[in-house]
Amino acid sequence: MTEKMNFNGRWVLVTGASSGLGKEMACQLARAHQANLILVARRASRLLELKTRLEQDHGIQCRVVQADLANPQDVDRVFQESIQQSDVYAVILNAGVTHFGHHRDLAWQDFETMLATNVTSVVRLVNLFVPYLLGKNQGGGLLLVASLAGLLPVPFQAAYSGTKGFVTQFGQSLQQELKD
């Protein structure tokens with residue numbers, strides 16, 4: 001049986017926190033679990049707005065890291081800033097981008113951005129945070145956010161489906177490797 005995680009007063013990093021699922025997970029962690037949050041996304045103004053609201057409404061602490069996870073230097077900086085300023089307990093890798101439409105209309109540069117954001121940044125952050133979290137020996141964990149698009153083909157989101165299929169398989173494999 002897996003022990004329930006206790007987020008109260010602990011630091012949780014959430015990528016893609018400025019909108020959508022990432023923002024909602026941050027709100028739930030603050031409201032229901034009193035977690036302190038490291039909010040990561042490209043849009044600093046949205047992150048600062050969320051930080052202010054969560055701190056006022058829930059009495060938690062938030063840190064903001066503006067970063068574009070398609071940029072490898074930003075990915076490494078997210079890790080460094082997070083562990084230098086906080087004792088990170090959990091990491092939610094949620095940031096992602098997509099393309100709606102025919103795959104043939106997806107510009108190569110946009111595909112590379114999607115691959116860097118949805119796949120490469122996830123693997124890099126896993127590679128950085130797994131040894132960190134294991135070294136802390138405090139429990140905690142990683143959550144890789146995939147999608148049903150990673151299990152079923154989604155026409156007009158072919159590349160996105162492929163990236164989320166990778167995240168799904170990668171995450172399930174890691175779960176087996178790290179289960180003990």
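The side chains of Arg77 and Glu81 form a salt bridge with an N to O distance of 3.2 Å, a salt bridge being a side-chain nitrogen of Lys or Arg within 4 Å of a carboxyl oxygen of Asp or Glu. Both residues belong to helix α3, where they stand four residues apart, about one turn of the helix; helices here are DSSP runs of H or I with at least four residues, strands are runs of E with at least two, and both are numbered from the N terminus. Arg77 is partly exposed at 27% relative accessibility, and Glu81 is partly exposed at 24%, where buried means under 20% relative accessible area, exposed over 50%, and partly exposed in between, with a 1.4 Å probe and protein chains only. Salt bridges with shared partners join Asp74, Arg77 and Glu81 into one network.

This is a predicted model, in which local features need pLDDT of at least 70 and side-chain atom pairs count only at pLDDT 80 or more, while totals for chains, interfaces and linings use all residues. Residues are numbered from 1 along each chain as its sequence is written, and side-chain values use heavy atoms, with hydrogens and water left out.

The structure holds six salt bridges. One of them pairs Lys51 with Glu55 at 3.0 Å, N to O. These two residues are separated by about one helical turn because they lie four residues apart in helix α2 (residues 44-58). An α-helix has 3.6 residues a turn, so residues three or four places apart point the same way. Lys51 is partly exposed, with 22% relative accessibility, and Glu55 is likewise partly exposed, at 25%.

Another salt bridge is formed by Asp76 and Arg124, whose closest N and O atoms are 2.7 Å apart. This pair links distant parts of the chain, since Asp76 lies in helix α3 (residues 72-85) and Arg124 in helix α4 (residues 108-136), 48 residues apart. Asp76 has a relative accessible area of 29% and is partly exposed, as is Arg124 at 35% relative accessibility.

Helix α5 (residues 158-178) has 21 residues and reaches 30 Å from its first C-alpha to its last, close to the expected 30 Å, a span defined as 1.5 Å times one less than the number of residues. Its buried residues include Ala159, Tyr160, Val167, Phe170 and Leu174. The buried residues of α5 pack against helix α4 and strand β5 (141-144), contact meaning heavy atoms within 4.5 Å.
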